[in-house]
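Subject: Structure handover

Hello,

Here is the structure for your files. My notes on it follow below.

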Amino acid sequence: MTEFISDKNNGLDYTLVGEVYLPNLISTETNYEIGMWGQRHLRYIKQHRKVFYTSLLTNCKLNSYLHDVDVRATEMYDRLVKQLKEQQGITEQLKADDMMAWVQAMNNITNQAREIVNNEVIFTV
(Lines give C-alpha, C1' and ligand atoms only; values in the text may rest on other atoms or scores of the structure.)
Protein backbone atom coordinates (compact mmCIF):
# COMPACT_ATOMS: atom_id res chain seq x y z
CA MET A 1 0.00 0.00 0.00
CA THR A 2 1.17 3.50 -0.82
CA GLU A 3 2.22 5.63 2.16
CA PHE A 4 0.59 8.85 0.84
CA ILE A 5 -2.50 9.31 -1.34
CA SER A 6 -4.55 12.28 -2.52
CA ASP A 7 -8.30 12.34 -3.01
CA LYS A 8 -9.17 14.52 -5.99
CA ASN A 9 -12.86 14.63 -4.97
CA ASN A 10 -12.33 16.44 -1.67
CA GLY A 11 -8.79 17.76 -2.13
CA LEU A 12 -7.41 16.06 0.99
CA ASP A 13 -4.13 14.18 1.32
CA TYR A 14 -3.97 10.99 3.40
CA THR A 15 -1.12 9.19 5.16
CA LEU A 16 -1.06 5.45 5.81
CA VAL A 17 -0.97 4.73 9.55
CA GLY A 18 -0.96 1.00 10.23
CA GLU A 19 -3.59 -0.30 7.81
CA VAL A 20 -5.73 2.85 7.77
CA TYR A 21 -5.38 6.08 5.79
CA LEU A 22 -5.77 9.17 7.99
CA PRO A 23 -6.29 12.67 6.57
CA ASN A 24 -3.44 15.16 6.85
CA LEU A 25 -5.20 17.87 8.83
CA ILE A 26 -2.85 20.80 9.15
CA SER A 27 -4.25 24.06 10.43
CA THR A 28 -3.42 26.93 8.14
CA GLU A 29 -5.23 29.30 10.49
CA THR A 30 -3.23 32.38 11.38
CA ASN A 31 -3.55 33.81 14.84
CA TYR A 32 -4.31 37.52 14.52
CA GLU A 33 -5.56 39.67 17.36
CA ILE A 34 -9.21 40.47 16.72
CA GLY A 35 -10.36 43.89 17.85
CA MET A 36 -13.73 45.33 18.75
CA TRP A 37 -15.09 45.43 15.20
CA GLY A 38 -14.04 41.86 14.41
CA GLN A 39 -15.62 40.59 17.62
CA ARG A 40 -18.89 42.36 16.81
CA HIS A 41 -18.89 40.81 13.35
CA LEU A 42 -18.14 37.39 14.85
CA ARG A 43 -21.19 37.66 17.12
CA TYR A 44 -23.28 38.71 14.13
CA ILE A 45 -22.25 35.82 11.86
CA LYS A 46 -22.56 33.29 14.70
CA GLN A 47 -26.17 34.36 15.31
CA HIS A 48 -27.41 35.28 11.84
CA ARG A 49 -25.14 33.58 9.28
CA LYS A 50 -24.50 30.18 10.85
CA VAL A 51 -23.65 28.36 7.61
CA PHE A 52 -21.14 31.06 6.62
CA TYR A 53 -19.59 30.96 10.11
CA THR A 54 -19.29 27.17 10.03
CA SER A 55 -17.77 27.28 6.56
CA LEU A 56 -15.10 29.78 7.66
CA LEU A 57 -14.41 27.77 10.78
CA THR A 58 -14.02 24.41 9.01
CA ASN A 59 -11.87 25.91 6.25
CA CYS A 60 -9.54 27.50 8.86
CA LYS A 61 -10.25 30.98 7.50
CA LEU A 62 -12.23 32.48 10.38
CA ASN A 63 -9.38 34.30 12.09
CA SER A 64 -7.96 35.87 8.94
CA TYR A 65 -11.47 36.84 7.76
CA LEU A 66 -12.25 38.52 11.09
CA HIS A 67 -8.87 40.27 11.02
CA ASP A 68 -9.66 41.67 7.55
CA VAL A 69 -13.08 42.86 8.73
CA ASP A 70 -11.52 44.44 11.81
CA VAL A 71 -8.86 46.28 9.81
CA ARG A 72 -11.37 47.48 7.21
CA ALA A 73 -13.83 48.68 9.87
CA THR A 74 -11.14 50.44 11.92
CA GLU A 75 -9.80 52.28 8.88
CA MET A 76 -13.31 53.27 7.82
CA TYR A 77 -14.21 54.50 11.31
CA ASP A 78 -11.04 56.59 11.64
CA ARG A 79 -11.52 58.08 8.17
CA LEU A 80 -15.19 58.90 8.86
CA VAL A 81 -14.43 60.59 12.18
CA LYS A 82 -11.76 62.73 10.51
CA GLN A 83 -14.04 63.65 7.59
CA LEU A 84 -17.01 64.45 9.81
CA LYS A 85 -14.85 66.64 12.06
CA GLU A 86 -13.70 68.61 9.03
CA GLN A 87 -17.22 68.91 7.59
CA GLN A 88 -18.70 70.14 10.87
CA GLY A 89 -15.79 72.45 11.67
CA ILE A 90 -14.80 70.76 14.92
CA THR A 91 -11.35 72.08 15.78
CA GLU A 92 -8.95 72.17 18.71
CA GLN A 93 -9.89 75.84 19.08
CA LEU A 94 -13.48 74.82 19.84
CA LYS A 95 -12.10 72.36 22.37
CA ALA A 96 -10.17 75.16 24.07
CA ASP A 97 -13.06 77.65 23.94
CA ASP A 98 -16.06 75.48 24.83
CA MET A 99 -15.19 72.01 26.10
CA MET A 100 -18.81 70.88 26.52
CA ALA A 101 -19.76 71.86 22.96
CA TRP A 102 -16.69 70.01 21.68
CA VAL A 103 -17.55 66.87 23.68
CA GLN A 104 -21.14 66.93 22.41
CA ALA A 105 -20.00 67.38 18.83
CA MET A 106 -17.40 64.60 19.10
CA ASN A 107 -19.93 62.22 20.69
CA ASN A 108 -22.30 62.96 17.82
CA ILE A 109 -19.56 62.35 15.24
CA THR A 110 -18.37 59.09 16.80
CA ASN A 111 -21.95 57.83 17.02
CA GLN A 112 -22.53 58.66 13.35
CA ALA A 113 -19.29 56.96 12.31
CA ARG A 114 -20.06 53.88 14.45
CA GLU A 115 -23.53 53.58 12.93
CA ILE A 116 -22.16 53.81 9.37
CA VAL A 117 -19.46 51.20 10.04
CA ASN A 118 -22.01 48.88 11.64
CA ASN A 119 -24.34 49.15 8.64
CA GLU A 120 -21.66 48.95 5.94
CA VAL A 121 -19.18 46.43 7.38
CA ILE A 122 -20.21 44.72 10.60
CA PHE A 123 -23.80 43.66 9.98
CA THR A 124 -23.31 42.52 6.39
CA VAL A 125 -21.64 39.52 4.80
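Buried stands for under 20% relative accessible area, exposed for over 50%, and partly exposed for what lies in between (1.4 Å probe, protein chains only). By that rule Tyr44 is buried, with a relative accessible area of 12%.

The model is predicted, so local features need pLDDT of at least 70 and side-chain atom pairs count only at pLDDT 80 or more, while totals for chains, interfaces and linings use all residues. Residues are numbered from 1 along each chain as its sequence is written, and side-chain values use heavy atoms, with hydrogens and water left out.

Aromatic pairs

Rings of Phe, Tyr and Trp (its six-membered ring) pair if their centres lie within 6.5 Å; planes under 30 degrees apart are stacked, over 60 edge-to-face, and the rest tilted. The count comes to 3 aromatic pairs. One of them is tilted, because the rings of Trp37 and Tyr77 have centres 5.7 Å apart and planes at 50 degrees. Trp37 belongs to helix H1 (residues 36-48) and Tyr77 to helix H3 (residues 62-88), so this pair ties together parts 40 residues apart in sequence. Helices (H or I, at least four residues) and strands (E, at least two) are DSSP runs, numbered from the N terminus. Both Trp37 and Tyr77 are buried.

Tyr44 and Phe123 form an edge-to-face pair, since their ring centres are 5.5 Å apart and their planes stand at 65 degrees. Tyr44 is in helix H1 and Phe123 in the segment after helix H5 (99-122), so parts 79 residues apart in sequence are tied together. Phe123 is partly exposed, at a relative accessible area of 41%.

Charges over rings

A charge sits over a ring if NZ of Lys or CZ of Arg is within 6 Å of the ring centre and within 35 degrees of the ring normal. Arg40 lies over the face of Trp37, 5.1 Å from the ring centre. Lys95 has its charged end over the ring of Trp102, at 4.6 Å from the centre.

Sheet

Two strands pair if DSSP finds at least two bridges between them. An open sheet of 3 strands runs in the order E1-E2-E3, with antiparallel pairing. Strands E1 (4-6) and E3 (20-23) are at the edges with a single partner strand each, so one side of each has no neighbour in the sheet. Strand E2 (residues 13-17) is joined to E3 by 4 bridges, and Leu16 stands opposite Tyr21 in E3.

Thr15 is in strand E2 and is buried, with a relative accessible area of 16%.

Regards
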